Amino acid sequence: MRIFLDTANIQQIKDAVKLGVISGVTTNPSLVSKEDGAYRDLIVKICGLVPGPVSAEVLGETAADMVKEARDIITWAPNIAVKIPATAAGLEATSILSKDGVKVNFTLCFSLNQALLAALAGAAYVSPFVGRLDDAGHDGMALVKEIVEVYDHYKLGTQVIAASIRHTRHCVVAAQVGAHIATIPYAVLTQMLKHPLTDVGVVRFREDFKATLKS
Ligand code: G3P
């Protein structure tokens, strides 16, 4: 499973990139609205920090508007994926853009049917929103598992991005059910590495070694 960072914060992306495990970034209009500067400048900056796809979302409501916006967004940098919402207009735009080789991340996905349609439209990625499903009393990771199984069964090439990740348990289950990618907030990334026995072990190794120097 690959890991993307789910943020538009430059400092967080820089810090995460140093760890050498991030291969892409996903943004959305809410994440972008928390940062300073123009949308395009921010996305271009992020694209320069990571090798893999950086998802930037369209805001148009009609298929024509989404296609127009997407065609502009992909000129900003070579490693951009365009996030398009799972609406009828979004599906139409995804079909048009995918045929032209644009990498579409079909987002705000909350059902297997939406994911199936995304794959049939040729989307490069589909983003089931796990945390928001959990919030609504459903099992978000069960959806990720279903999508992975159905895509495998029909040998569909769309990659599943487990999104709206809230905690480290989500990362564990995303890996277990075969999500191709998990896009995670920076705080969750740092927590993935934490284990109290590692901290205790590091201190004990240091103290034991220091003790041998004294004797
Ligand atoms: O990747 C999707 C993500 O940005 C949404 O997360 O926490 O707002 O549900 P959240």
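Begin by selecting Asn 79, which lies in the loop between α4 and β4; helices (H or I, at least four residues) and strands (E, at least two) are DSSP runs, numbered from the N terminus. This is a predicted model, in which local features need pLDDT of at least 70, side-chain atom pairs count only at pLDDT 80 or more, and totals for chains, interfaces and linings use all residues. Residues are numbered from 1 along each chain as its sequence is written, and side-chain values use heavy atoms, with hydrogens and water left out.

Asn 79 is buried, at a relative accessible area of 14%. Buried means under 20% relative accessible area, exposed over 50%, and partly exposed in between (1.4 Å probe, protein chains only). Display next the backbone oxygen of Gly 52, which the side chain of Asn 79 reaches at 3.2 Å. Neighbours within four places in sequence aside, Asn 79 is in contact with Cys 47, Val 50, Pro 51, Gly 52, Pro 53 and Val 54; contact means heavy atoms within 4.5 Å.

Proceed to strand β3, residues 54-57.

Parallel β2 is joined to β3 by 2 bridges, and Ser 55 in β3 is the bridge partner of Thr 26. Strand β4 (residues 80-85) also runs parallel to β3, with 4 bridges between them; two strands pair if DSSP finds at least two bridges between them. Glu 57 stands opposite Lys 83 in β4. From β3 the chain crosses through helix α4 (residues 63-73) to β4, in a right-handed β-α-β crossover: with the strands pointing away from the viewer, the path from the first strand over the helix to the second runs clockwise.

Show all the strands of the barrel: 8 of them close in the order β1-β2-β3-β4-β5-β6-β7-β8, with parallel pairing.

Finish at helix α1 (residues 10-18), where Ile 10, Ile 13 and Ala 16 are buried. Seen down the axis of α1, its buried residues fall within an arc of 130°, so they line one face of the helix; the arc is that of the directions from the helix axis to the C-beta atoms. These buried residues pack against β1 (2-6), β2 (22-26), α3 (39-47) and α10 (186-193). Just after α1, Gly 20 takes a positive phi of about 75°.

Technical notes
Polar contact = N/O pair within 3.5 Å; in protein donor to acceptor, adjacent residues only side chain to side chain.
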